[in-house]
Amino acid sequence: MIHGYGRTDYCANFTTQDVGKKVRLMGWINKRRDFGSLVFVDLRDRSGIMQVVFDSSKMESNFDEVDQLRNEYVIAVEGEIVLRDEETINEKLKTGLIEVSVRNLEIFSRAMTPPFYIEDDVKVGESLKLKYRYLDLRRPEMQKNLIMRHKLATTARQYLDKNGFLEIETPMLIKSTPEGARDYVVPSRLHPGEFYALPQSPQQYKQLLMVSGLDRYYQITKCFRDEDLRADRQPEFTQIDMELSFVGVDDVIAINEGLIKQVFKDILDIDVQLPLPRLTYQEAMDRFGSDKPDTRFGLELKDLSDLLQDCEFKVFAGALKNGGSVRAINAKGCEPKFARREIDSLVDYVKIYRAKGLAWISVTEEGLKSPITKFLKQEEIDAIMDRMDARPGDIIFFMADCNKVVYDSLGNLRLEIARRLNMIDENKYNLLWVVDFPLLEYDEDEKRYVAKHHPFTSPKDEDLSMLETSPEKVRAKAYDIVLNGTEIGGGSIRIHDSQVQRKMFAALGLTEEDMETKFGFLIEAFKYGAPPHGGMAYGLDRLAMILAGRDSIRDVIAFPKVQSGACLMSEAPSPISQEQLDELYIQTVEKEEETSEE
C-alpha cells in the first residue's frame with residue numbers, strides 16, 4: 001500500500017539520468033500485458049507513458065491485486081527507475097529506454113470498459129466522442145491540443161503584460177444592444193420582465209476603459225452569439241481582446257505583429273518575418289474574391305470587363321450592362337487533370353454561391369475547346385488569352401454576374417480547385433493584413449446600411465464628409481489579420497467623438513431615441529473627454545485550431561457544443577422547473593408539432 005499522494009513527477013519526465021531513483025507515479029492504465037508472474041503495464045498521464053513492471057518476486061504489496069488491473073484503472077505505483085532490457089526498448093516512446101520496477105501498488109479507481117479505445121485516430125463517430133467527452137479528452141492528441149492552447153494563452157498574457165497592458169475583466173451580464181448576431185438573453189428575477197444579454201464582445205466596455213484613462217487593456221474572455229454553427233463557430237467562444245489609447249492603425253498593427261511573431265516562435269518554433277504583407281480590401285477581393293484570402297497558392301482572379309465592353313455573348317454583355325463584371329481564373333496545367341465530368345461538377349459547385357453558370361475554355365496543343373468561343377470575336381479571345389497568360393494545358397474559368405456573386409463564386413472556386421488538386425502546402429503559414437474595409441454595406445433584406453464590422457468603427461478621415469451623402473463609398477480604419485485563408489483576428493480605430501458617433505448611428509438608420517436608449521451611456525461618456533483609441537480581438541479558438549493543424553475548433557475546446565448548440569455530454573440545454581420559471585415571471589409556450597398535408 002502507498003501512503004499519501006506524493007507523486008515524484010509525471011510519467012514522461014524521467015530519463016536515463018534517473019536510473020536508480022525511487023519514484024511514485026500515478027495515472028491510468030493504457031495497456032496491460034500479462035505473463036503470469038510478470039505483468040507489464042503502460043501507465044499514462046498527461047505527459048505521456050511510462051512502462052511499469054510488476055514482478056511477483058520483487059513486489060512488497062499483494063501481487064494478487066495486479067491480476068485485477070484492467071485498462072483505464074487509476075493506480076499509483078512505487079518503485080525504482082531501471083534500464084529496460086535491450087529486447088524491450090521502445091524507440092517510439094520518450095521513455096522507451098527505461099521502466100519502473102514496481103514494489104508497491106494502490107488501486108485508486110476501477111473502470112468499466114470504455115465505449116471506445118483511448119488512443120489517437122480512434123475510428124468512432126463524433127457524437128459518441130462528444131457524449132463521452134471526458135474519455136475523448138484522455139486521448140494524447142486531444143490533451144496535446146489543450147496543452148498547446150494553454151501555451152498560446154500564456155504567451156499572449158506574457159507578451160501583453162511586457163508591453164504595458166492591464167488585464168481587466170468586463171461584465172458578463174450586460175445591456176442588449178442592436179447590430180451584430182442575435183444575443184443570448186438572461187432573465188432578471190429582481191427586475192421582472194427585463195433581461196440581461198451575454199456579451200457578443202466586450203466592445204463598449206473596453207472603449208469605456210480607454211475613456212477611464214487606463215490606456216492599455218486586455219483580457220482573454222468568453223463571448224456569446226446565438227447563431228448557426230459550423231466547423232469554426234461555437235455559441236460561446238474565446239477572444240484575446242485588447243484596446244489601446246492614443247494610437248492609429250499602424251500602431252495597433254505593430255503591437256499585434258509582435259504578438260503573432262512571439263506566438264509562432266513559442267508554439268511552432270517558426271520565425272515570422274515582419275512586417276506582414278498588407279492588402280486593401282478591394283485588392284483582396286479583386287485578386288482572390290475574398291476578404292480573407294488564402295495566398296499559399298495562385299489561381300488569382302483577373303478582371304476582363306474592359307476587354308468585353310462590346311461583347312455580343314449575352315451572358316457577358318448582360319452582366320456588364322447591369323453594372324456587374326466578367327472575371328476569370330486560370331487553372332494552369334489543369335486541363336489534362338479535368339475531364340468533362342469534373343468541369344461539370346465545378347459548374348454545379350459554383351451554384352452554391354448563386355452563380356447561374358460557369359463558362360470555361362480549355363487550352364490544348366490542338367487549339368481551344370469551349371462551348372462559348374463561337375460567341376466571341378477573335379480579337380476578344382486573343383485579348384483574354386493574353387491577359388490570362390494562357391498556355392496549352394490551362395483551363396480558363398469565367399464568371400459574369402454582379403460583383404458579389406462573381407467574387408463569391410470565383411473566390412470559392414479557386415479554393416475548391418486547389419483542394420482537389422492538392423495545391424495547398426499544409427506546412428506553410430501565410431499571414432497578411434487586410435485593411436481599408438468599407439465602413440458600411442447595404443442589407444437587401446432590411447433595406448438599410450449595416451456596419452461592416454461594428455457601429456463604433458471610425459471612418460477614414462478623408463472619407464468622413466461622404467458619410468451622409470455617399471455612405472457606400474466610405475472606407476473604415478479597420479484591419480483584419482488572416483492566416484491561411486482564415487480570419488484569426490480583427491479590429492479598428494474607434495470613433496471617439498460623440499458627434500461623429502451620432503452620424504454613424506444615423507447612417508445605420510437609428511433615430512435619436514434609438515441612440516439614447518441603446519447607446520446613451522457611451523455617447524454621454526465621450527462628452528467627458530475620450531482619447532483616440534483602437535483595438536483588436538483574436539478568435540483564440542480559431543488560432544489554436546490552425547496552430548494544432550485541426551479542421552474544427554471543437555478539437556481545441558474542452559467541452560464544445562454540436563451544430564444544434566447542444567452539449568451531448570451534459571444534455572444542455574434542458575427544461576427547468578416550474579418553480580424556477582415562476583421566480584423569473586416566465587411562461588413557456590409549447591412548440592407546435594409540424595404537420596404535413598397528405
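**Notes on the predicted model**

1. Helix H4, which spans residues 203-211, is mostly covered, with 7 of its 9 residues buried. The buried residues of H4 are Gln203, Gln204, Lys206, Gln207, Leu208, Leu209 and Met210. Their cover includes two strands, S9 (216-224) and S10 (236-245), together with helix H12 (512-526) and strand S22 (533-539). After H4 comes glycine 213, which has a positive phi near 85 degrees.

2. Strand S13, residues 325-331, is also mostly covered, and here 7 of its 7 residues are buried. In a regular strand the side chains alternate between the two faces of the sheet.

3. Two strand pairings of S13 deserve a look. Strand S12 (residues 302-303) is joined to S13 by 2 bridges, and the two strands run antiparallel; within this pairing, lysine 302 has alanine 328 of S13 as its bridge partner. S13 is also joined to strand S16 (residues 395-401) by 7 bridges, again in an antiparallel arrangement, and asparagine 330 stands opposite isoleucine 396 of S16.

4. The model also contains a closed barrel of 5 strands, in the order S1-S2-S3-S5-S4, with mixed pairing. On average, neighbouring strands of this sheet are turned by 55 degrees against each other, when direction is ignored.

5. How do helices H3 and H13 meet? Two packed helices are described by the angle between their axes and the distance between the axes. The axes of H3 (residues 140-162) and H13 (residues 540-547) come within 10 Å and cross at roughly 125 degrees, and the two helices are therefore oblique to each other. H3 passes H13 in a right-handed crossing. On the H3 side the contact is made by Met148, Arg149, Leu152 and Ala153, and on the H13 side by Leu540, Asp541, Leu543, Ala544 and Leu547.

6. Where does glycine 96 lie, and is this residue buried or exposed? Glycine 96 is placed in the loop between strand S4 (74-83) and strand S5 (98-109), and because its relative accessible area is 3%, under the 20% limit, it counts as buried. Leaving aside residues up to four places away in sequence, glycine 96 touches Arg84, Thr88, Ile89 and Asn90. Its C-alpha atom is separated by 31 Å from that of valine 263, a residue 167 positions apart from it along the chain.

7. On the cysteines, the structure holds 0 disulfides. Cysteine 567 is in no disulfide, and the nearest cysteine sulfur, which belongs to cysteine 223, is 20 Å away. Cysteine 567 is buried, with a relative accessible area of 9%, and cysteine 11 likewise counts as buried, at 0% relative accessibility.

8. The bond from leucine 274 to proline 275 is cis, with omega near -5 degrees, and proline 275 lies in the loop between helix H5 (249-268) and strand S11 (278-280). A cis bond also joins alanine 572 and proline 573, with omega about 0 degrees, and proline 573 is found in the loop between H13 and helix H14 (578-583).

9. Which residues other than glycine have a positive phi? Among them is phenylalanine 246, with phi of about 55 degrees; phenylalanine 246 is located in the loop between S10 and H5 and, at 59% relative accessibility, counts as exposed. Asparagine 422 is another such residue, with phi near 55 degrees. Asparagine 422 sits in the loop between helix H10 (403-420) and strand S17 (431-435), and its relative accessible area of 67% makes it exposed.

Notes. Residues are numbered from 1 along each chain as its sequence is written. This is a predicted model: local features need pLDDT of at least 70, side-chain atom pairs count only at pLDDT 80 or more; totals for chains, interfaces and linings use all residues. Side-chain values use heavy atoms; hydrogens and water are left out. Buried means under 20% relative accessible area, exposed over 50%, partly exposed in between (1.4 Å probe, protein chains only). Helices (H or I, at least four residues) and strands (E, at least two) are DSSP runs, numbered from the N terminus. Two strands pair if DSSP finds at least two bridges between them. A disulfide is a pair of cysteine sulfur atoms within 2.5 Å. Axes are lines fitted to C-alpha atoms, for helices over the stretch in contact, and angles run from 0 to 180 degrees between N-to-C directions. Angles under 35 degrees count as roughly parallel, over 145 as roughly antiparallel, 65 to 115 as roughly perpendicular and the rest as oblique. A crossing is left-handed if the near helix is turned anticlockwise from the far one by less than a right angle, and right-handed if clockwise. Contact means heavy atoms within 4.5 Å.
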